[in-house]
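Have the structure open as you read.

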Amino acid sequence: GGRHREWWHSYYPRSFISLNDTRTETVYWTQMFKLASTTRGDAPLIDHGMWQTPSPWTFLTWDLNVQLSYWHKTTSNRLDIGMGLVNWIWDHRTSLINNVAVEAWRSDSARAPLNTGHDLYQPKEADMRILDNAEANLTWAMHNCWMIYRRTMDDGLLREKIFPMLKRAVNNQLHHLHEAEGRLHMPTTESPEYGMARDANYELASIRWGCQTLLEICGRLKLADTQMAQWRDVLKRLADYPVDENGFRVGADEPFRKAHRHHSHLLMIYPYCIVNIEQPGQAEVLRKSVNHFYGTNRAAYEKSKSWGVFAGYTYTLLSLMHAVLGDGEEAERFLNGFIDYPLVTRNGMYAESGPVLETPLSAAHAVHEMLMQSWGDKIRLFPAVPASWSDITFHDLLAEGAFLVSAERRGGVNRWVRLRSLAGEPCRVRPALSGEVKAAGARAFKLTAVSEGVFEIDLKKGEDVLLYVGATPPAAEVSAVPAKPEQLNWYGLK
């Protein structure tokens, strides 16, 4: 009993979030409880199922479910649990290698088919559905592992486990490419749960992210990998993303034209963020794509009045995508859409034909991305906060580059930001403070403006810096936002 309580007392304070939207805050903390009640870093992987409930999904599913289950373990600073994904993939790499259909490719490739057992192996005859020829699943899962690395900056972990498995995942995809008129194309594959398409955006986005990241890793680790020229060539000659008047298509010969709960054709928007709002000229295709994804599903619902055209995660994915578009009102709208979804119960559980754990967990990550984002080259404070979230405190959220970040917002005004460097990486931050930004700490810090509202700070490993505006530094004490009594005990007894 004592050891159990000690574990929980250590687990909960690793990060802290408090909002004046008490209902959302309760949803968030319910997920943190469920996470710790479900798994540990040395336990088997989770995706759909719950610990106490029989499930029709007795296997792992690699076209969305595993990935969504592990997103929120990063920013919430619960990496010991998130490391379970890295270690499980590495420890079962022989199974992933044996999943590669062509035996000659197994020397350099690995593959996650649609379903595997917990040993990560899929006998070729076991899955009778036609969904088993998507090739990007393992690459997407390795993005989760990359997110964990980026919050530790543990180069030993990167070199020994993540780089070799990402190479194998990407190589599996590259084996399928063929050349036509000087460009590299993917043959017809399955865009998860949607249908078949040539040059499926699911594949192209994953190949692009994978090759970019492999080259970045080689630079980081000073590796002269024999495939570097190939990865550069792929990035130069890979087919463009198929696009039409509604944004990103499913593939070259398949528009997004029917209700579809997966956002698998939009991975370049989220979670890869390799087509993003900070790139000139991309805003239109981004917004068209996200709006068409929702609009097509909504039209099907209006026609059928069946919630089956949506999954709960359709809402959380829309919230996440709007968050990286910087649209807090829409991010909140779709997060509330998940909370109000008819299949979400009062205790925060969600079930379709069985319990679906990854969906509520991804809702917690939507809260993270509304409060702080760190993809790309900078930390963004309050990047997608709706007007109704006037009062916010968060403490020790973990950003890429291994920075612990705390901040406060009161009365709709962002008041201060504190950063601690755990690894001594370059610190670039958009603090979202109105006025002349100043720095306080144990020494004089140098703030260099690098673009509108973005600063570089000469922060060294182990140092803290407080960013603020005004004559004197605030006390910057972390305090909870008072709860709204009418929203208390949203889950559970009144």
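This is a predicted model: local features need pLDDT of at least 70, side-chain atom pairs count only at pLDDT 80 or more; totals for chains, interfaces and linings use all residues.

The largest pocket has 26 lining residues, and nearest its centre sit Trp146, Arg150, Trp375, Gly376 and Glu400. Residues are numbered from 1 along each chain as its sequence is written, and side-chain values use heavy atoms, with hydrogens and water left out.

Helices (H or I, at least four residues) and strands (E, at least two) are DSSP runs, numbered from the N terminus.

The second largest pocket holds about 220 Å³ of space. It is lined by 15 residues, with Arg150, Asp377, Pro426, Cys427 and Arg428 closest to its centre. Strand 15 (427-430) and strand 18 (454-457) are the elements that give two or more residues to this lining.

Here are the linings by class. Nonpolar covers Ala, Val, Leu, Ile, Met, Phe, Trp, Tyr, Cys and Pro; charged covers Asp, Glu, Lys and Arg; the others, Gly among them, are polar. Volumes are the space filled by probe spheres set on the grid points, which are joined across faces, edges and corners.

| Pocket | Volume | Lining by class |
|---|---|---|
| Largest pocket | about 470 Å³ | 11 nonpolar, eight polar, seven charged residues |
| Second largest pocket | about 220 Å³ | five nonpolar, three polar, seven charged residues |

Now for the packing. The largest nonpolar core has 153 residues, and Ile89, Phe394, Val405 and Leu419 have the most contacts inside it. Helix 9 gives this core its largest share, 11 residues. There is also a second, separate core of five residues, including Trp416, Ala440, Tyr468 and Ala476. A nonpolar core is a set of buried Ala, Val, Leu, Ile, Met, Phe, Trp, Tyr and Cys residues joined through side-chain atoms within 4.5 Å. Buried means under 20% relative accessible area, exposed over 50%, and partly exposed in between (1.4 Å probe, protein chains only).

Beyond four places in sequence, Val405 is in contact (heavy atoms within 4.5 Å) with residues including Phe394, Val417 and Leu419. Thr74, in helix 4 (residues 72-75), is buried at 1% relative accessible area. With residues up to four places away left out, Thr74 touches Leu79, Met147, Ile148, Arg151, His365 and Leu398.

Five strands form an open sheet in the order 10-11-15-18-17, with mixed pairing; strands pair if DSSP finds at least two bridges between them. Strand 10 (372-373) and strand 17 (447-451) are at the edges with a single partner strand each, so one side of each has no neighbour in the sheet. Strands 17 and 18 run antiparallel and are joined by four bridges, and Ala449 has Phe455 in strand 18 as its bridge partner.

Strand 18 also contains Ile457, which counts as buried at 6% relative accessibility. Its contacts beyond four places in sequence include Leu419, Cys427, Val429 and Leu447.

Notes: On a 1 Å grid over the protein atoms alone, a cavity is a set of points where a 1.4 Å probe fits but cannot get out, and a pocket is an open set with protein on both sides within 12 Å along at least five of seven lines; lining residues have an atom within 4 Å of a point.
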